[in-house]
Amino acid sequence: MSGHSGPLISFNTIGSSLSSLKNCQSYINTGMELATNVAFDLIEIRGDELDINNMDKVMLEYSAMNRELNQYIQAVEETMDQVKRDHPERIPDFKALVKEKFAALQGRNTDEDLKRNERYLQFINHLKEMRKQVGPAQGTDWEQPTEELDEDITITQTQTNFICPITLVEMKKPMRNKVCNHVYEEEAIRIMIENKPKKARCPKIGCDNLNMKITDLVPDAVLKRAIEIQNKQKSQ
Ligand SMILES: [Zn+2]
């Protein structure tokens, strides 16, 4: 080993560990989707409010896991960058460096951050919509505000969130734009993007996303479920 200088850290090994860590993200996403669906089921059958609150806690736990995972990945990536940049003479204690960076990131965390998780926010918003549709759960004195007793008004207000900004009818396969978070009917948005010679702007009024790409679109399973449940309620 004589004559060799510089760190003997295998960046390839770290890189592949990192990508398997990133796979954990999909487990967290699946868990959040499941918890959301359970909460929807509970609302649909007018289940116990305590059980619904438990799903809220589960969602916040997933949000915490998600934050921890992302911050750990960030700490490893920053450490790798630092070692590559500094080219230290002696092999640095990589583990200790990561631990230090990770602790610094965690030191700034607050509980409020957890509620800003995108999936958690979606969960809260859809839950609110569904409560309006289905009414109060058991074990709560939740009351319908008197001015909303007019059923037609309530339904109209709710439906606007389910309407595609292109077709202006209720969506069947909602696709969410990861960039601006707006939602459209799958077929309509595909046709729109494909037929624009240059850049396609988001059709939602007031949106400043001027360059939409097909790859920015992801199916919104939670919204799809909410629309289906609403239609089921209406037909009963
Ligand atoms: Zn938009």
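Modeller: Phe102 is buried, because its relative accessible area is 14% (buried means under 20%, exposed over 50% and partly exposed in between, with a 1.4 Å probe and protein chains only). This is a predicted model, in which local features need pLDDT of at least 70 and side-chain atom pairs pLDDT 80 or more, while totals for chains, interfaces and linings use all residues. Residues are numbered from 1 along each chain as its sequence is written, and side-chain values use heavy atoms, without hydrogens and water.

Two aromatic pairs are counted; rings of Phe, Tyr and Trp (its six-membered ring) pair if their centres lie within 6.5 Å, and planes under 30 degrees apart are stacked, over 60 edge-to-face, the rest tilted. One of the two joins Phe102 to Tyr72, edge-to-face, with 5.3 Å between centres and 85 degrees between planes. Tyr72 sits in helix H2 (residues 49–86) and Phe102 in helix H3 (residues 94–107), 30 residues apart, so distant parts of the chain are linked (helices, H or I, are DSSP runs of at least four residues and strands, E, of at least two, numbered from the N terminus).
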